[in-house]
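Colleague: Could you walk me through this model at the level of helices and side chains? I would like to ask a few questions as we look.

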Amino acid sequence: MRFPIWLFLLFPVIEMLVLIEVGSAIGGLNAVALIILGAILGMAVLRRQGLSTMLKARERMAHGEMPGTEMVEGFMIAIGGLFMMFPGFVSDFFGMALLIPPVRKYLIKKMIASGRWQVHQSSTTFEGQYYREDIDPSRGLHNTFDGDFKREDEKK
């Protein structure tokens with residue numbers, strides 16, 4: 001499914017119409033103040049949520065797991081922050097929705113359930129372990145191999 005180009009044309013028009021309506025209802029300066037306040041609030045939430053997601057990703061990597069969900073969450077947080085920087089109430093609404101953790105988790109679950117997005121775990125962990133399914137543990141053979149590696153391009 002391709003992204004319709006007419007949305008790029010329709011979105012700014014909707015933003016202007018909502019901004020004009022809100023400005024006429026509460027006053028122009030109040031509307032501008034709300035836009036600025038929304039951007040500041042969005043940046044604060046973006047900073048806090050982004051740091052929290054980064055720490056969760058580091059923790060998963062320390063345990064040898066791929067932080068696939070955290071990477072998708074980080075991407076959605078970045079998109080939410082970008083929406084918050086756009087001037088307008090509609091983009092602020094979408095940006096704040098992406099910065100709310102339960103909404104973000106629900107959207108990720110729906111994206112994965114649709115079948116268009118997939119999150120894969122690697123069989124090789126960051127600790128250099130390799131798992132094999134074809135080794136029989138009842139014969140005393142282990143199915144985990146530990147190894148060390150050295151990068152050849154590093155200077156000594």
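This is a predicted model: local features need pLDDT of at least 70, side-chain atom pairs count only at pLDDT 80 or more; totals for chains, interfaces and linings use all residues.

Colleague: Which pattern does the protein chain follow along the sequence?

Modeller: Helices (H or I, at least four residues) and strands (E, at least two) are DSSP runs, numbered from the N terminus. The chain has 5 helices and 2 strands. Read along the sequence, the pattern is α-α-α-α-α-β-β.

Colleague: What share of the 156 residues is buried?

Modeller: Buried means under 20% relative accessible area, exposed over 50%, and partly exposed in between, with a 1.4 Å probe and protein chains only. By that definition, the buried share of the 156 residues is 22%.

Colleague: Which residues form the largest nonpolar core?

Modeller: A nonpolar core is a set of buried Ala, Val, Leu, Ile, Met, Phe, Trp, Tyr and Cys residues joined through side-chain atoms within 4.5 Å. The largest has 5 residues. They are V72, M76, L98, I108 and M111.

Colleague: Which elements give two or more residues to this core?

Modeller: Two helices do so, α3 (68-85) and α5 (101-113). Contact means heavy atoms within 4.5 Å, and V72 touches I108 and M111, leaving aside residues up to four places away in sequence. So the elements asked for are, by DSSP runs, α3 and α5.

Colleague: What covers the buried residues of α3?

Modeller: The buried residues of α3 are G68, E70, V72, E73, M76, I77, G80, G81 and M84. The helix has 18 residues and reaches 26 Å from its first C-alpha to its last, close to the 26 Å expected at 1.5 Å a residue; that expected span is 1.5 Å times one less than the number of residues. The cover includes α2 (28-62), α4 (89-99) and α5.

Colleague: Against which helices do the buried residues of α4 pack?

Modeller: In α4, the buried residues are F89, V90, S91, D92, G95, L98 and L99. They pack against α1 (6-26), α2, α3 and α5.

Colleague: How many aromatic pairs does a search of the whole structure find?

Modeller: Rings of Phe, Tyr and Trp (its six-membered ring) pair if their centres lie within 6.5 Å; planes under 30 degrees apart count as stacked, over 60 as edge-to-face and the rest as tilted. The search finds 3.

Colleague: What are the geometries of the F83 pairs with F86 and F94?

Modeller: F83 and F86 lie 6.1 Å centre to centre with 65° between the planes, an edge-to-face pair. F83 and F94 lie 6.4 Å centre to centre with 45° between the planes, and this pair links helix α3 to helix α4, 11 residues apart.

Colleague: Why does F94 count as partly exposed?

Modeller: Ring pairs link F83, F86, F93 and F94 into a cluster. F83 counts as partly exposed at 24% relative accessibility, and so does F86 at 35%. F94 is partly exposed because its relative accessible area is 40%.

Colleague: Which residues does UniProt list for "transmembrane region"?

Modeller: Positions are in the numbering used here, feature names are shortened, and annotations may be inferred rather than shown by experiment. In the model, residues 26-46 are 95% helix, and residues 75-100 are 85% helix with end C-alpha atoms 14 Å apart. The unreviewed UniProt entry lists residues 26-46 and 75-100.

Notes. Residues are numbered from 1 along each chain as its sequence is written. Side-chain values use heavy atoms; hydrogens and water are left out.
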